[in-house]
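Colleague: I am new to this structure and would like to understand the words used for it. Could you take me through the terms, one by one?

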Amino acid sequence: MNRDTLRQLMPIVTLVVLVVLVAAFQPSFVNPATLLGMASDTATLFVLGMGVTFVIMLGGIDLSIQSVASLASVAVALLITPLGYLAFPVAVLVGALAGLLSGIAHVQLKIPSFIATLAVGGVAAGVALLLADAQAITLGEVERGYVGWITGTSLGIPHEVLIALVVLALGTVVQHYTAFGRYSQAIGAGEPAAHAAGIRVGLHKTIACMLSGAAAGLAGAILAGRLASGSPTLADQLLLPAIAAVIVGGTAITGGVGSVWRTLVGALIITVVRSGMTFLNVDIFIQQSVFGAMLVIAVALTIDRSKIPIVK
Amino acid sequence: MAEAATIGDGRAAGWKKLRRRLAPWAPLLVLLALCIAIALVNGRFVSLRNFARIADAASIPLVLGLGVTFVILMGSIDLSMEGVVAFAAIILCLLVANGANANDFGLLGALAVLVIGAAMGFANGIVHVGLQIPSFMVTLGMWFVGIGIGNAILGGIQVRVNDPLIRALALEQFLGLKFQVWLALGALAVAWVVQEHTRLGRYIFAIGGGEDLARLSGIRTGLVRIATFTMAGVFYALAGIMAAAQQGSAFALIGGGRLFTAITAVVVGGTALWGGQGGVLNTLIGVLIVVVLANGMVLMGVSPYVQQIVQGLLIIAAVALSVDRMRAKLVK
């Protein structure tokens with residue numbers, strides 16, 4: 001078994017082992033209600049991670065997603081009264097715009113993606129604070145009527161799970177059946193070669209940034225519906241778990257290797273670890289530290305060192 | 001035709017030369033222009049009290065900026081400072097006289113906090129070098145590890161600092177400036193000496209200029225990297241102490257937003273993200289630009305939230321201007 005197959009299988013094996021472990025300690029973990037609850041907890045994380053997967057596959061990173069998601073939640077909270085259902089597409093659009101801004105800064109101005117997205121994240125957070133006047137905006141009785149498509153259930157399945165499945169389907173189509181999906185893998189695998197082959201590297205990087213922004217926007221909208229409020233700090237704890245989901249799933253930060261499905265597995269691992277720790281009464285703050293450590297370990301395992309002669 | 005091209009080339013070359021000569025001075029010129037512009041709009045900007053206020057506001061960002069400057073000079077990045085600041089501030093509050101337990105270690109407590117900062121920086125360095133993981137990923141992890149552990153120790157409460165010595169940093173003055181300003185200036189002096197007069201300082205520049213060359217000329221680059229991250233950790237811990245003194249307490253989010261300001265300051269000051277260019281004096285200028293801008297906006301009645309937007313745009317502008325497009329063929 002070569003290293004690459006091992007890398008592909010490891011996340012799934014990890015997930016199964018974790019589920020078995022947690023179930024052994026806590027049999028109630030495997031009843032359908034708990035599992036469905038877990039699936040809906042995973043939804044937001046997965047949507048965030050799905051977007052950033054494309055950026056990481058290209059060899060970049062997006063540190064703006066938590067601020068963009070918060071901004072989108074504020075946009076939903078403010079726009080749902082005048083616009084109704086239209087507020088949700090607008091939130092996604094706001095996210096895509098923020099992504100476009102990152103893309104332009106990264107591609108046109110040649111700024112490394114982590115600093116470009118850090119800066120755009122700051123701008124997005126500033127705009128959100130300004131719009132919401134640094135307050136959480138609670139949705140009223142009437143506005144809550146519009147979030148049923150997020151919080152409701154159909155056939156016993158929470159809508160969040162259905163939304164995540166639709167996003168998964170879209171992500172799969174984009175990755176496997178569009179020129180962008182193929183090219184982004186090629187660029188991640190070897191940018192100079194991709195460039196030489198005539199692929200418009202800059203264009204695809206910008207599209208990836210916009211996808212990531214749009215996904216963050218959708219995640220923000222889901223959160224706003226779920227918590228019935230919008231706030232400039234709503235998604236503040238989600239950056240690390242989202243990136244950890246992508247990396248733990250087996251997408252390498254060196255680019256070229258990765259997929260939307262791996263991110264799904266990664267997001268599930270994060271959720272199982274979180275639920276497991278909650279069952280075991282691990283302090284909620286320590287959980288952040290555990291995710292930080294998991295991220296570093298996963299990077300160490302998935303990174304392709306032949307691609308970076310000098311590690312900076 | 002050929003002649004026209006030559007003239008065009010000559011002009012471009014002249015422009016390039018002028019640009020190269022002016023570039024090191026650009027941050028200082030920006031700072032001066034900014035001060036003059038703000039003073040013209042609002043006369044209250046020019047007063048001893050306001051200058052003291054600016055120095056006060058600049059002291060913590062300066063100490064953080066100094067630490068990360070060395071890391072950026074190597075061409076790496078350190079995103080962990082908010083975690084180290086939070087952890088350091090929390091540990092400090094629990095070690096000196098405080099509102100939660102009976103400890104009263106005074107200066108010894110502060111010293112212990114600096115050692116803890118060094119240990120966290122060392123952990124960054126050893127994971128980064130030992131496992132060959134890019135620094136931004138390692139330090140992203142440490143950011144959340146620091147905040148998480150600090151929070152877990154604190155259990156979500158807020159601890160008051162009662163130690164008079166620590167409180168004096170933010171309350172007592174000497175020659176019209178608060179103690180913490182003098183402490184920050186002391187840190188600047190130390191950083192400057194490290195940069196200019198030690199082997200470590202020179203090695204850091206060598207690595208930033210070209211790591212393969214540095215390695216070939218016999219520099220133990222891994223060791224230098226670990227030392228630099230460790231040193232940065234000490235600076236962050238010092239900033240954590242100052243933050244605890246200023247707030248009079250420690251809490252989970254005491255480091256919030258500081259990373260962004262510090263990185264803006266370093267980059268705006270003219271230290272290149274690719275490494276090898278810039279230094280601690282650039283960071284001083286950069287911090288002053290950011291703080292003066294914020295001060296001016298407050299004087300003009302601009303919402304504080306706009307400041308964050310402006311800072312974000314500043315980062316983009318400063319990095320975009322400093323990009324050496326010949327060298328940066330592959331930007332990730």
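Modeller: Let me begin with A:Ser73, which is buried, with a relative accessible area of 0%. This is a predicted model, in which local features need pLDDT of at least 70 and side-chain atom pairs count only at pLDDT 80 or more, while totals for chains, interfaces and linings use all residues. Residues are numbered from 1 along each chain as its sequence is written, chains are lettered from A and ligands numbered from 1 in the order in which they are written, and side-chain values use heavy atoms, with hydrogens and water left out.

Colleague: Why is A:Ser73 called buried?

Modeller: Buried means under 20% relative accessible area, exposed means over 50%, and partly exposed lies in between, with a 1.4 Å probe and protein chains only. The value for A:Ser73 is 0%, so this residue counts as buried. A:Ser73 is part of helix α3 (residues 65-83) of chain A, where helices (H or I, at least four residues) and strands (E, at least two) are DSSP runs, numbered from the N terminus.

Colleague: What does the side chain of A:Ser73 reach, and which residues does A:Ser73 touch?

Modeller: The side chain of A:Ser73 reaches the backbone oxygen of A:Ser70 at 2.7 Å. Leaving aside residues up to four places away in sequence, A:Ser73 touches A:Gly220, A:Ala224, A:Gly230, A:Ser231 and A:Leu234, contact meaning heavy atoms within 4.5 Å.

Colleague: What makes the pair of A:Phe114 and B:Phe136 stacked?

Modeller: Rings of Phe, Tyr and Trp (its six-membered ring) pair if their centres lie within 6.5 Å, and planes under 30 degrees apart count as stacked, over 60 as edge-to-face and the rest as tilted. For A:Phe114 and B:Phe136 the values are 5.9 Å centre to centre and 5° between the planes, so by the definition the pair is stacked. Both residues, A:Phe114 and B:Phe136, are buried.

Colleague: Why does the pair of A:Phe114 and B:Phe136 join two chains?

Modeller: A:Phe114 lies in helix α5 (residues 113-132) of chain A and B:Phe136 in helix α6 of chain B, so the pair joins two chains.

Colleague: Why is the pair of B:Phe45 and B:Phe51 called edge-to-face?

Modeller: The ring centres of B:Phe45 and B:Phe51 are 5.9 Å apart and their planes stand at 85°, so the pair is edge-to-face. B:Phe45 is buried, with a relative accessible area of 2%, whereas B:Phe51, at 39%, is partly exposed.

Colleague: How many residues of chain B are in contact with chain A, and what area do the two chains bury between them?

Modeller: Here 53 residues of chain B are in contact with 51 residues of chain A. About 4400 Å² is buried between chain B and chain A, 76% of it on carbon and sulfur atoms, where buried area is the accessible area (1.4 Å probe) that two parts lose on being put together, summed over both. Across this interface of chain B and chain A the rule finds zero salt bridges, a salt bridge being a side-chain nitrogen of Lys or Arg within 4 Å of a carboxyl oxygen of Asp or Glu.

Colleague: What is set apart about the phi of A:Lys110?

Modeller: A:Lys110 has a positive phi of about 55° although it is not a glycine. Most residues other than glycine have a negative phi. A:Lys110 is found in the loop between α4 (87-108) and α5 of chain A, and at 25% relative accessibility A:Lys110 counts as partly exposed.

Note on methods:
A polar contact is a pair of N or O atoms within 3.5 Å; within protein, one must be able to donate a hydrogen and the other to accept it, and residues adjacent in sequence count only if both atoms are side-chain atoms.
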